[in-house]
Amino acid sequence: MEENKELAANAKWDACIDLSLRRVVYSSLAGASGGLIFFRSPVTRWASVAFGAGVGIGSAYTDCSRISGGYSPKLAPPKLDDAPAPKDQEE
């Protein structure tokens with residue numbers, strides 16, 4: 001029984017590592033391509049690569065959290081009934 005749990009955990013880690021590497025590499029390449037097309041300065045090109053890598057890391061983190069069971073995709077929106085009613089400022 002414990003061996004099955006360990007295999008399931010290993011499969012989850014393998015899936016998360018694979019997903020993370022792919023997302024970071026593909027997003028970085030997309031950022032580099034966009035940087036080459038749209039920007040002239042090396043600083044802005046590197047910034048677009050960094051932005052793409054950040055998007056990839058964030059996306060991979062979200063999906064890995066969902067795979068591991070630590071993230072609930074259905075977050076409840078905040079209740080607006082508790083907020084006080086706005087007062088009219090008519091003078």
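The legends below describe close-up views of a predicted model, beginning with the whole chain and moving to single sites.

**View 1. Overview of the protein chain, with two helices and zero strands.** Helices (H or I, at least four residues) and strands (E, at least two) are DSSP runs numbered from the N terminus. Of the 91 residues of the chain, 16% count as buried, where buried means under 20% relative accessible area, exposed over 50%, and partly exposed in between (1.4 Å probe, protein chains only). Among contacts (heavy atoms within 4.5 Å) between residues at least 6 apart in sequence, 66% join residues at least 24 apart. Residues are numbered from 1 along each chain as its sequence is written. In this predicted model local features need pLDDT of at least 70 and side-chain atom pairs count only at pLDDT 80 or more, whereas totals for chains, interfaces and linings use all residues, and side-chain values use heavy atoms, with hydrogens and water left out.

View 2. The side chain of S28 reaches the backbone oxygen of V24 at 2.8 Å. Leaving aside residues up to four places away in sequence, S28 touches V49, G52 and A53.

**View 3. Salt bridge between D18 and R22.** The side chains of D18 and R22 meet at 3.2 Å, N to O, in a salt bridge (a side-chain nitrogen of Lys or Arg within 4 Å of a carboxyl oxygen of Asp or Glu). The two residues are four apart in helix 1, so about one helical turn separates them. D18 is partly exposed, with a relative accessible area of 38%, and R22 is likewise partly exposed, at 49%.

**View 4. Salt bridge between D63 and R23.** The side chains of D63 and R23 meet at 2.7 Å, N to O. D63 belongs to helix 2 (residues 42–68) and R23 to helix 1, so this pair ties together parts that are 40 residues apart in sequence. R23 is partly exposed, with a relative accessible area of 27%. A search of the whole structure finds two salt bridges.

**View 5. Nonpolar surface patch that includes F38.** L36, I37, F38 and F39 make a nonpolar surface patch of about 480 Å²; patches consist of residues with over 30% relative accessible area and no salt bridge, like charges being joined within 9 Å and nonpolar side chains (Val, Leu, Ile, Met, Phe, Trp, Tyr) within 5 Å. F38 is found in helix 1 and is exposed, with a relative accessible area of 66%.

Definitions and conventions
Polar contact = N/O pair within 3.5 Å; in protein donor to acceptor, adjacent residues only side chain to side chain. Areas by Shrake-Rupley, 256 points an atom, 1.4 Å probe, with all protein chains shown as cover.
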